[in-house]
Amino acid sequence: MKSPCERILPRLVLACIALLSATLPGAPSRAATYPAKPVTFVVPFGAGSATDQLARALSASITEQTGQPVVVENRAGASGMLAAQHVARAAPDGYSVLITTNTTQAANPFLFKRLPYDPAKDFAPVTLLGRGGQVLAVRADTPYRTVDDLVTQARKAPGKLSFGSGNSSSRMAGEMFKQLSHTDIVWVGYNSNPAALNDLLGGHIDMMVIDTVTGMPHIQSGRLRALGASTNRRLPQLPNVPTLDEAGIKGYDMGYWFAAYLPAGTPPAIVQRLRELLVNATQSQHARGFFANSATEPWTSTPEELGRFQASELGKWGRVVKAAGIEPE
C-alpha cells in the first residue's frame, strides 16, 4: 500500500507541470487565443506608401478572421529605423508587428554607420508578404520621353539633375541607375516616397525610381511619364513601358519585397499563428485589390525561409552599395 506522500507526490508533480506550462511564453494556450486584444502593425513609411497600403489591406483581413482590431501605426523617418527600433524593443508577445521591406531589413546596415537595431538578431521572421518592381518616372511636362533623353541631358549637365527617394529601395534604384548609366545625378532624401513624389510633381526634383503602388495613380492620370521598369521583366500594368535594361541600362534589375517580423523572443507558436493569419490575408479580397493595382504579387514563406532569404539579401545589398561607392552616413 502506498504511503500518503507517495500518493500525493505524482499529483503535485503534475500540478507543477501544468502550472509551468501555462506560464511559459510559448504555451499552446496563449497561441490558441491569439490575438486576444488589438494588434498593432507598425509601418516604417508614411501614409499612402506601398507598405502602408499593404498593411491596411492585410489588417482588414485579419480583423475579419479574428474579430480583433488591427491598428496601423505609421512611424516614418530615418529610412525606416524609427519603426524598426520601436518593434525591436516591444514586448515579444505578438501584438507589435513590423510590416516592412528590404529597406529596414537588408539595405540600411550598409547605408548607415550605426543602426538602433540589428535587422537579424532583434527580430523573429514571420513570413514574406509580396514582391514587386519600381518605375523610373519624370513629370509629363518635361522633354524626357525616353530613358535615352534623360541620360543624354544628365551627361550634358553633370550634377544638375536630381532624383528623390523616401526609402532605401528607391534610393538604391536611383544610385544603380547613376552607376550603370555613368551619369552624375544629385540625390535628395525624404522621409517617405509620397513626400518625394510631391516634390517630383511640384518640379523640385527631376526624376524618381518609385514603387509602382505610389507612382501608378499619377502615371495613369498623365501627370507622370513612366520611362522604364526596374525589374528584369515588364510590369503587367505598364506593358508598353520597357525595362531599364531594354532601354539601354544594361544589367539593371532592382525589385523590392515586403515581409512581417515580430520582436526576437516571441514564442514560436505565436509566430506560427500570425504567419497563418497573414498568409490567409494575402489571399483575401482586400489584398487582391492591392496586388492587382500595384504591379506587385503575393509571395509568402515560412519563418525559416524568410530568415534565409533575408541573409541572402543582406549579401546582395552590401554588394550594390559597395559598387555604387556610397559611404555610410
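The structure is a predicted model, in which local features require pLDDT of at least 70 and side-chain atom pairs count only at pLDDT 80 or more, whereas totals for chains, interfaces and linings use all residues. Residues are numbered from 1 along each chain as its sequence is written, and side-chain values use heavy atoms, with hydrogens and water left out.

The protein chain contains twelve helices and ten strands, where helices (H or I, at least four residues) and strands (E, at least two) are DSSP runs numbered from the N terminus. The C-alpha trace spans about 100 × 40 × 30 Å along its principal axes. Of the 329 residues in the chain, 52% are buried, a class defined by a relative accessible area under 20%, with exposed meaning over 50% and partly exposed in between (1.4 Å probe, protein chains only). The chain exposes about 14500 Å², of which carbon and sulfur atoms supply 54%; these areas come from the Shrake-Rupley method with a 1.4 Å probe, and for residues only the protein chains shown count as cover. Among contacts (heavy atoms within 4.5 Å) with a separation of 6 or more, 77% are between residues 24 or more positions apart.

In soluble globular proteins, nonpolar side chains tend to be buried together. A nonpolar core is taken here as a set of buried Ala, Val, Leu, Ile, Met, Phe, Trp, Tyr and Cys residues joined through side-chain atoms within 4.5 Å. The largest such core has 44 residues, and those with the most contacts inside it are Leu136, Leu150, Phe177, Met207 and Tyr252. At least two residues of this core are supplied by each of helix 4 (81-88), helix 5 (102-111), strand 4, helix 6 (147-156), helix 7, strand 9 and helix 12, and the largest share, six residues, comes from helix 12. When residues up to four places away in sequence are not counted, methionine 207 touches Leu136, Ala137, Val138, Leu150, Ser162, Phe163, Gly164, Phe177, Ile185 and Leu200.

With neighbours within four places in sequence left aside, glutamate 313 is in contact with Ala106 and Trp257. In helix 9 (residues 212-221), the buried residues are Thr212, Val213, Thr214, Gly215, Met216 and Ile219, and the helix is followed by glycine 222, whose phi is positive, near 90°. Threonine 214 of this helix has a relative accessible area of 7%, and threonine 214 touches Gly48, Ser49, Ala50, Pro194 and Leu197, residues up to four places away in sequence not being counted. Between threonine 214 and threonine 51 the C-alpha to C-alpha distance is 9.7 Å, although the two are 163 residues apart in sequence.

Pockets and cavities were located on a 1 Å grid over the protein atoms alone: a cavity is a set of points where a 1.4 Å probe fits but cannot get out, a pocket is an open set with protein on both sides within 12 Å along at least five of seven lines, and lining residues have an atom within 4 Å of a point. Grid points are joined across faces, edges and corners, and a volume is the space filled by probe spheres set on the points. In describing linings, Ala, Val, Leu, Ile, Met, Phe, Trp, Tyr, Cys and Pro count as nonpolar, Asp, Glu, Lys and Arg as charged, and the others, Gly among them, as polar.

The largest pocket has a volume of about 440 Å³ and is lined by 20 residues, with Arg131, Gly132, Thr231, Arg233 and Gly255 nearest its centre. Its lining comprises seven nonpolar, six polar and seven charged residues. The second largest pocket holds about 200 Å³ of space, and of its 15 lining residues Ser79, Phe112, Trp187, Gly189 and Tyr190 are the closest to its centre. Six nonpolar, seven polar and two charged residues form that lining.

One cavity of 30 Å³ or more is counted, and the largest cavity has a volume of about 110 Å³. Of the 13 residues that line the largest cavity, Thr51, Thr101, Asn167, Asn193 and Asp211 are the closest to its centre.
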